[in-house]
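Please look over the sequence and the model before reading on.

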Amino acid sequence: MGLSLSSIVPAPRDEVFAWHQRPGAIERLTPPWMPVRIKQETDDLGAGQAVLGFPFGIDWVAQHSDLEAPDHFVDELTSAPLRWAVNWKHTHSFDAVGNDQTRVTDRIDSNVPGFLLRSMLAYRHQQLADDLAALRRVPGFKPLTVAVTGTHGTVGRGLVALLGTAGHTVVKLVRGEPSSPSERRWNPDHPADDLLDGIDAVVHLAGAPIGGRFTDAHRHAIVESRIGPTRELATLAATSDPRVFVCASAIGWYGADRGDELLTEHSERGTGFLADLVENWERATDPARDAGLRVVNIRTGLVQTPAGGILRLQYPMFAAGLGGPLAGGKQWQPWIGVDDLLDVYHRALLDDELSGPVNGVGPDPVRNRDYTRVLAHVLHRPALFRVPSIGPRILLGPEGAKELAEASQRVVPAVLDRLGHTFRYPKLDGALRHLLGRNSTADSAPST
């Protein structure tokens with residue numbers, strides 16, 4: 001037994017096949033709810049190997065073979081001990097439909113029951129179609145060499161993969177010893193003079209996690225990991241080759257509680273620790289801006305993915321039927337699907353119309369009570385367990401609870417809206433269904 005799924009992608013076959021050959025394809029196609037990390041990508045769809053790491057130190061080695069470009073290729077499970085229990089042969093086929101469409105077919109011959117594979121295949125097909133469509137929407141596309149910090153984080157891994165499949169060359173700036181030609185060693189306090197040689201654009205994502213109890217030590221780590229390193233990197237970019245500097249920022253700029261006020265990039269700064277942090281963080285990019293580089297500060301909202309962030313924490317509780325509104329549920333939550341955020345970063349690299357602060361949020365902020373209702377509905381679970389305010393205050397402290405768990409910010413992406421930006425998932429329901437594998441696909445069918 002096995003499973004076969006086909007779908008039509010609105011792109012020429014050569015373009016679709018080339019996407020699969022580029023770095024990052026397997027990362028982009030791996031569902032975020034699966035407990036797996038990509039340890040090695042194949043460098044040859046005809047004879048290379050991909051290695052996926054599962055829990056308990058178990059590796060899945062996929063041996064590629066039978067390449068006939070741009071028609072098909074195959075991967076098979078070859079590693080012990082998994083191959084002793086699991087039979088697996090995955091055939092990827094591509095058929096031209098007219099001049100500008102492709103029928104993509106995945107056939108998996110395996111002893112794994114088909115119902116366990118349907119959501120994975122549906123996710124892969126939707127992700128491929130979404131990525132190719134988003135790529136066509138990017139204004140002024142041209143291949144760049146992009147240096148990226150923070151590549152071990154959830155957003156960083158996704159962005160490296162998205163840029164790779166789009167055709168860009170990615171250089172990872174890492175703090176440890178480089179392990180491949182695509183990495184350069186980066187000292188955040190004293191970056192080497194030649195660090196950015198040959199680089200067209202910089203994306204700066206690195207920084208200590210903001211989540212956690214707001215102790216003096218935690219606040220110090222948040223500040224020290226952002227302000228100084230950002231200023232040093234922006235100063236170096238000002239005297240090096242890059243022409244674009246894109247830096248992560250946060251909606252903390254607007255303060256912890258702005259009521260029902262609609263907040264755009266032109267709204268006044270709020271008050272509190274995070275508002276102060278974000279102001280200094282964005283000012284740290286001034287050396288690049290003053291030197292004439294186009295600088296974009298992406299004020300990120302609550303990123304939705306079960307691979308990290310708030311959804312990673314909530315997903316198991318809601319799946320068990322233990323979720324519910326937090327502290328009354330009236331607070332506004334400006335959310336964004338992880339792939340939509342990656343699209344914003346990609347656009348920031350190429351669109352000369354983007355400069356200064358850009359709200360990296362979706363177009364439809366929701367209250368916490370509505371967020372919990374939608375998440376529970378997607379998972380077919382109740383959401384009856386209300387979490388009192390004392391819970392976050394015990395975990396995060398009074399300041400952390402106010403700035404994070406109880407924060408209410410009705411932030412909208414006014415700059416992106418003005419430019420006619422298209423979001424993959426403008427509504428929360430659609431975003432969560434895709435990210436959690438809860439979409440149905442009528443075109444999938446069991447095969448024998």
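Two residues are in contact when heavy atoms of theirs lie within 4.5 Å of each other. With that cut-off in hand, one can read the surroundings of Ser-119, which touches Trp-33 and Gly-437 once residues up to four places away in sequence are left out of the count. The model is a predicted one, and Ser-119 is found in its helix α4. With a relative accessible area of 25%, Ser-119 is partly exposed, because this class covers the range between the limit for buried, under 20%, and the limit for exposed, over 50%. A further pair gives a sense of distance: Ser-119 and Leu-313 are 194 residues apart in sequence, and their C-alpha atoms are 21 Å apart in space.

The overall form of the chain comes next. The secondary structure of the protein chain comes to 15 helices and 21 strands. For 448 residues, a compact globule would have a radius of gyration near 22 Å, and the 22 Å of the protein chain agrees with that expectation. Along the principal axes, the C-alpha atoms fill a box of roughly 60 × 55 × 45 Å. Among contacts between residues at least 6 apart in sequence, 70% join residues at least 24 apart. As for charge, the protein chain has 46 positive and 53 negative side chains, and the centres of these two sets lie 7 Å apart.

Helix α4, which holds Ser-119, runs over residues 118-137, and its 20 residues should span 28 Å at 1.5 Å a residue; the end C-alpha atoms are 29 Å apart, which agrees. Because 14 of the 20 residues of α4 are buried, the helix is largely enclosed by the rest of the structure. Among the buried residues of α5 are Val-155, Leu-159, Val-160, Leu-162 and Leu-163, together with the glycines Gly-156, Gly-158 and Gly-164. Just after α5, Gly-167 takes a positive phi of about 110°.

Where does Leu-416 lie, and which residues does it touch? Leu-416 is found in helix α14 (residues 414-418), and at 0% relative accessibility it counts as buried. Leaving aside residues up to four places away in sequence, Leu-416 touches Val-344, Leu-354, Val-358, Asn-359, His-421 and Phe-423. Leu-416 and Glu-353 are 63 residues apart in sequence, and from C-alpha to C-alpha they are 9.8 Å apart in space.

Gly-207 lies in the loop between β11 (201-204) and α6 (216-224), where it is partly exposed, with a relative accessible area of 34%. Gly-207 touches Ser-225 and Arg-226, again without counting residues up to four places away in sequence. The C-alpha atoms of Gly-207 and Gly-153 are separated by 9.6 Å, although these residues are 54 apart along the chain.

Backbone geometry deserves attention as well. Most residues other than glycine have a negative phi, and most peptide bonds are trans. Phe-56, which is not a glycine, has a positive phi of about 65°; Phe-56 is found in the loop between β3 (49-54) and β4, and at 84% relative accessibility it counts as exposed. His-380 is not a glycine either, and its phi is positive at about 60°. The place of His-380 is in the loop between α12 (368-379) and α13 (390-405), and with a relative accessible area of 59% His-380 is exposed.

The bond from Ala-69 to Pro-70 is cis, with omega near -5°, and Pro-70 is found in the loop between β4 (58-68) and β5 (72-77). A cis peptide bond also joins Ala-80 and Pro-81, with omega at about 5°, and Pro-81 lies in the loop between β5 and α3 (82-85).

Methods: Residues numbered from 1 in each chain as written. Predicted model: local features only at pLDDT ≥ 70, side-chain atom pairs only at ≥ 80, totals over all residues. Heavy atoms only, no water. Helix = DSSP H or I, 4+ residues; strand = E, 2+ residues; numbered from the N terminus. Rg over C-alpha atoms; globule rule 2.2 N^0.38 Å. Lys, Arg positive; Asp, Glu negative; His and termini not counted. Charge placed at Lys NZ, Arg CZ, Asp CG, Glu CD. Buried < 20%, exposed > 50% of the residue type's maximum accessible area, 1.4 Å probe, protein only. Expected span 1.5 Å × (residues − 1).
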